[in-house]
Amino acid sequence: MKVFFPILCLLLCAASVCAQEAPPQPVLSAVKHATDGHVWGALIFATNESEKLTGGKEPEHADLPKLHERLAKVFPYKHFEVLGQHRQDIFREYESWIVPSQDLFMKIDSKGPAENEGLNLHLQVWRRHQVLVKSDAILRKDSPLFIGGPPWKNGRLIFVVYLERT
Amino acid sequence: MKHPSEEQDIIRWIDGEMNESECATFEERLKLDPALATEAQKMRALSASLRSHLPAEIRVPHADYFNTQIEVRITQMALDEARSKHAATSWSAMFQWLTQPWFALVGAAALAVLGFFLLQPASPDDSESMILSSYTPNLRVQARTYHDHDADATVLMLDGLDAMPADKHISGVNIQRSEMEPELASTTMYDEKGAAVFMISHDSLGNPLISPEG
Amino acid sequence: MPAAASTDPGEVSDLDLVKRSQAGDTRAFDVLVTRYRGRIYAMTYHLIQNETEAWDLAQEAFIKAWRALPTFKHDAGFYTWLYRIAHNVSYDWLRKKKIQGDGEFDDERVEHRVAVGAEATPHGDLAPDTALRNAELGQRIQAAIATLSPEHRQVIVLREVEGLAYEEIAALIPCSLGTVMSRLFYARKKLQEQLHDVYETSL
């Protein structure tokens, strides 16, 4: 009994501490909007000067083997790092935003499924308050889209968009 | 709640859709019904204000580019039409050969081979992402699209973009989830830890506004 | 029906330009685009309340008009015919986007608004404070219209901007005269509620 009571107090204190440390769970929206797919978008910085890198990770994705090498085949740079990334459902009836960074981001409107598990899209690349390009595209699984963006610090910003699933 | 005919009377009076006798009758009613008179006059003032603040003509931004783009698309449509007409003519000419007596056998064999290939699974090209069309509002920017087979990726290259300032700090985030509020026309974005990072909404011109959250 | 631009004596008439366009003359069509782009853009902008999309839709309207030129029979004015195309393109876009317009007006959204109508035809010389009040009222009106549903926004634009008669509005939408009048009443009533502080003091 003498041992039991302190152990019980200890357990209660530990439980109390755990409850306080647990991050607040965000309230999930009760409404589920219809989706046509799910994409991964990443903003990548490419440069030949390693001292210009900002400490971001190497670009990689479980479904995109050798992403670094593939980027290097298109963009003539030695170093690539991920500045930001965003996983997003593509809504059927509303616009979807891919925002890996406030400085360069993308709007996607789904236009429905395409053959061979693809997705018909209208996409817009934005730089702050300015549209850089508007495009109609078909995105397919295992086939990423590389968008060559503006130059920065003697290198280049690149937007990668990849359809993870339909 | 108003009777529908009373609503119609107010609207027709404001918009000058009443004839002389109807107008006179309605204006007599207004004299006897101050509440109705106030409502009608306020709505008339609103209507006048709308007309003066909603211009019937607005200067088009990038007007020359507006026209140029229309011309480019019209020209493209004409080229596409010419190409498809040419293709149809070529097909027709090709099948004419097949009706010749001593080509009939060769033609039949060719069709058999064609049928064999059509039954095969879709070619690798059908599994690639594609850019169908692109358009850059800035005349100085050119968009080039192609599929890079070595990289196994579809490329949209934007040449001629202004560089981001070298001293600008471009930071990114890791967004794993977002919640949309259609009624507020806004979306809140959360990182891998569940913290709200951005909220995206629109200004009065419909352009995106991204505000840091938290 | 919406009035065509009045041509100067030296200017080529719409009829001549349309006939040349129908024969494939893209330069003639370019003149028509220049002549009517301001009005078409104004209409799409007032309906859509989004500068970028309104620009695209106005272009789309002209391109659809070019494609449909072989079917234009000169029984109505070219501008009337073009206006109908632009209206349908914009209204279809609006309905597809399912813009919510029946909710309460949210005052907090006003703070983010930037000056609108900056490219509009100037009102003429006004004293600075009057011009400022005008611009502010213009912003509030635009913001209030943006909260209307597509159907109510449509009648307001067709009546207050284009000055169409009820019969013309009914033919364009299409709907009955009674529906036109009741939508106009409701739309003005809603705008009045949102701008009540402006009109309380004006009487």
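At what angle do helix H6 (residues 150-161) of chain C and helix H8 (residues 177-194) of chain C pack? The angle is about 95°, and the two axes are 9 Å apart.

## Model and conventions

This is a predicted model, in which local features need pLDDT of at least 70 and side-chain atom pairs count only at pLDDT 80 or more, while totals for chains, interfaces and linings use all residues. Residues are numbered from 1 along each chain as its sequence is written, and chains are lettered from A and ligands numbered from 1 in the order in which they are written. Helices (H or I, at least four residues) and strands (E, at least two) are DSSP runs numbered from the N terminus.

Axes are lines fitted to C-alpha atoms, for helices over the stretch in contact, and angles run from 0 to 180 degrees between N-to-C directions. Angles under 35 degrees count as roughly parallel, over 145 as roughly antiparallel, 65 to 115 as roughly perpendicular and the rest as oblique. H6(C) and H8(C) are therefore roughly perpendicular to each other.

On the H6(C) side, the contact is made by Glu151(C), His152(C), Val155(C), Ile156(C) and Arg159(C). H8(C) brings Val180(C), Arg183(C), Leu184(C), Tyr186(C), Ala187(C) and Lys190(C). Two residues are in contact if their C-beta atoms, placed from the backbone, lie within 7 Å. By class, the residues of this contact are six nonpolar, one polar and four charged. Ala, Val, Leu, Ile, Met, Phe, Trp, Tyr, Cys and Pro count as nonpolar, Asp, Glu, Lys and Arg as charged, and the others, Gly among them, as polar.

## Chain B

Chain B has five helices and seven strands. Along the sequence the order is α-α-α-α-α-β-β-β-β-β-β-β. Of its 214 residues, 18% are buried (20 or more other C-beta atoms within 10 Å of the residue's own, with C-beta atoms placed from the backbone; exposed means 12 or fewer, and partly exposed lies in between). Among contacts in chain B with a separation of 6 or more, 16% join residues 24 or more positions apart.

## Chain B against chain A

The contact between these chains takes 51 residues from chain B and 48 residues from chain A. On the chain B side, at least two residues each come from strand E1 (130-135), strand E2 (142-148), strand E3 (153-159), strand E4 (174-181), strand E5 (186-191), strand E6 (196-202) and strand E7 (208-212). That side divides into 29 nonpolar, 14 polar and eight charged residues.

Strands also pair across the two chains; two strands pair if DSSP finds at least two bridges between them. An open sheet of five strands has the order E3(A)-E4(A)-E5(A)-E6(A)-E1(B), with antiparallel pairing. Its edge strands, strand E3 (96-98) of chain A and E1 of chain B, each pair on one side only. Neighbouring strands are turned by 25° against each other on average, direction ignored. Within this sheet, strand E6 (residues 130-140) of chain A and E1(B) run antiparallel and are joined by five bridges; Lys134(A) has Tyr135(B) as its bridge partner.

Strand E7 (residues 145-152) of chain A pairs with E3(B) in the parallel sense over four bridges, and Met157(B) is the bridge partner of Gly148(A). E2(A) and E4(B) are also parallel, over two bridges, with Gln85(A) partnered by Asn174(B).

## Chain C against chain B

Here 53 residues of chain C contact 40 residues of chain B. The largest share of the chain C side, 11 residues, comes from H2(C). By class, that side holds 25 nonpolar, 18 polar and 10 charged residues.

## Confidence

The predictor gives the complex an ipTM of 0.81 and a pTM of 0.53. Its confidence in each residue is the pLDDT, from 0 to 100. Chain B has a mean pLDDT of 81, with 77% of its residues at 70 or more. Within chain B, helix H5 (residues 104-118) is lowest, at a mean of 58, and E3(B) is highest, at 95. Residues 120-124 of chain B stay under 50 and have two contacts beyond four places in sequence.

Chain C averages 79, and 75% of its residues score at least 70. Residues 99-125 of chain C fall below 50, yet this stretch has 43 contacts in the model beyond near neighbours in sequence. Where pLDDT is low, the predicted coordinates should not be read in detail.

Methods. pLDDT = per-residue confidence, 0-100.
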